[in-house]
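Reader: I would like to learn how to read a model of this kind, feature by feature. Could we go through it slowly, with the general idea before each case?

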Amino acid sequence: DILSISEFAHDVVNDMQFLKKNKQRINMQLEGEDTLVLDAKKLRHILENLISNAIKYSPDGTDIDLHIQNINGNLQILVHDAGIGIPEEEQIHLFNKFFRATNTGSVQGTGLGLTIVKRYVELMNGSITFKSLSGKGTTFTIKLPNLD
Ligand code: ATP
Ligand code: MG
């Protein structure tokens with residue numbers, strides 16, 4: 001699909017608003033060219049999963065940052081939250097099926113979201129990495145190469 005990143009990102013973030021019940025603010029920063037050729041369905045799924053996690057696992061009044069950079073069709077996406085983080089000793093399991101960290105409290109989930117995100121990123125020949133500090137927050141970085 002040919003998409004406008006600004007339209008696409010605003011659209012996705014808008015669709016996620018119902019989840020956050022005004023708890024957090026989602027800041028968006030877009031860099032580079034606006035036009036992109038990419039599998040929009042997969043990208044939407046990836047973003048929705050990462051943003052819903054950021055919302056679920058961070059407290060009221062914190063900021064969630066979404067940075068999207070498009071340089072010659074090479075996409076870099078950052079989703080940052082100032083939430084509960086993932087305990088260091090559990091981080092190696094993060095992309096495993098049904099993994100849920102021990103600090104999620106009463107927050108519900110199946111532990112499948114990130115497994116699917118990783119699968120999609122790989123199908124798009126991209127990479128996903130993260131940095132997380134327990135009690136401080138988490139940043140996911142996704143890189144998707146220009147495939148044409
Ligand atoms: P769902 O399948 O509905 O997405 P889930 O959110 O529990 O359920 P994943 O999205 O795969 O599953 O995430 C797996 C686990 O990783 C979560 O249960 C949570 O413990 C941890 N996690 C994921 N994202 C974050 C985040 N942004 N901050 C803190 N912990 C996170
Ligand atoms: Mg999830």
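Author: We begin with the naming of elements: helices and strands are DSSP runs, a helix having at least four residues and a strand at least two, and they are numbered from the N terminus. Please keep in mind throughout that this is a predicted model.

Reader: How many helices and strands does the secondary structure of the protein come to, and in what order do the elements run from the N terminus on?

Author: The protein has three helices and seven strands, and read from the N terminus these elements follow the order β-α-β-β-α-β-β-α-β-β.

Reader: What radius of gyration does the protein have, beside that of a compact globule?

Author: A compact globule of 148 residues would have a radius of gyration near 15 Å, and because the protein has 15 Å, the two agree. The C-alpha trace spans about 45 × 30 × 20 Å along its principal axes, and buried residues account for 29% of the 148 residues. If we take contacts between residues at least 6 apart in sequence, 65% of them join residues at least 24 apart.

Reader: Turning to helix packing, at what angle do the axes of H1 and H2 cross, and which residues make the contact?

Author: Helix H1, residues 5–20, and H2 have axes that come within 10 Å and cross at roughly 40°, and the crossing is right-handed. From H1 the contact takes Phe-8, Val-12, Met-16, Leu-19 and Lys-20, while H2 supplies Ala-40, Arg-44, Leu-47, Glu-48, Ile-51, Ser-52 and Ile-55. Sorted by class, these are eight nonpolar, one polar and three charged residues.

Reader: At what angle do H2 and H3 pack, and how far apart are their axes?

Author: Helix H2, residues 40–56, packs with helix H3, residues 113–123, at an angle of about 145°, with the axes 9 Å apart, and H2 passes H3 in a left-handed crossing. On the H2 side you will find Lys-42, His-45, Ile-46, Asn-49, Leu-50 and Asn-53, which meet Gly-113, Leu-114, Ile-116, Val-117, Tyr-120, Val-121 and Leu-123 in H3. The residues of this contact divide into eight nonpolar, four polar and one charged.

Reader: Which residues around ligand 1 come nearest?

Author: Of the 22 residues around ligand 1, the nearest are Tyr-57, Ala-101, Gly-109, Gly-113 and Leu-114. The elements that give two or more residues to this shell are H2 and H3, and by class the shell has nine nonpolar, eleven polar and two charged residues.

Reader: Next, backbone angles: what is the phi of Asn-72, and where does Asn-72 lie?

Author: The general idea is that most residues other than glycine have a negative phi. Asn-72 has a positive phi of about 50° although it is not a glycine, and Asn-72 lies in the loop between strand E4 (63–71) and E5. Likewise, Asn-125 has a positive phi of about 60° without being a glycine, and Asn-125 sits in the loop between H3 and strand E6 (127–133).

Reader: In which element is Asp-81 found, and how many C-beta neighbours does Asp-81 have inside 10 Å?

Author: Asp-81 is in strand E5, and because Asp-81 has 27 C-beta neighbours inside 10 Å, it counts as buried. Setting aside neighbours within four places in sequence, Asp-81 is in contact with Ala-54, Tyr-57, Ser-58, Thr-62, Ile-64, Gly-137 and Thr-138. Asp-81 and Ile-26 are 55 residues apart along the chain, and their C-alpha atoms are separated by 9.3 Å.

Reader: Where is Leu-94 found, and which residues does Leu-94 touch?

Author: Leu-94 is in the loop between E5 and H3, and with 18 other C-beta atoms within 10 Å it is partly exposed. Not counting residues up to four places away in sequence, Leu-94 touches Ile-86, Phe-99, Leu-114 and Phe-130. Gln-91 lies in the loop between strand E5 (74–81) and H3, and Gln-91 is partly exposed, with 16 other C-beta atoms within 10 Å. With residues up to four places away in sequence again left out, Gln-91 touches Ile-86 and Ser-132.

Technical notes: Residues are numbered from 1 along each chain as its sequence is written. Chains are lettered from A and ligands numbered from 1 in the order in which they are written. This is a predicted model: local features need pLDDT of at least 70, side-chain atom pairs count only at pLDDT 80 or more; totals for chains, interfaces and linings use all residues. Axes are lines fitted to C-alpha atoms, for helices over the stretch in contact, and angles run from 0 to 180 degrees between N-to-C directions. A crossing is left-handed if the near helix is turned anticlockwise from the far one by less than a right angle, and right-handed if clockwise. Two residues are in contact if their C-beta atoms, placed from the backbone, lie within 7 Å. Ala, Val, Leu, Ile, Met, Phe, Trp, Tyr, Cys and Pro count as nonpolar, Asp, Glu, Lys and Arg as charged, and the others, Gly among them, as polar. A residue is near a molecule or strand if its C-beta atom, placed from the backbone, lies within 6 Å of it. The radius of gyration is taken over C-alpha atoms; the globule rule is 2.2 Å times the number of residues to the power 0.38. A residue is buried if 20 or more other C-beta atoms lie within 10 Å of its own, exposed if 12 or fewer, and partly exposed in between; C-beta atoms are placed from the backbone.
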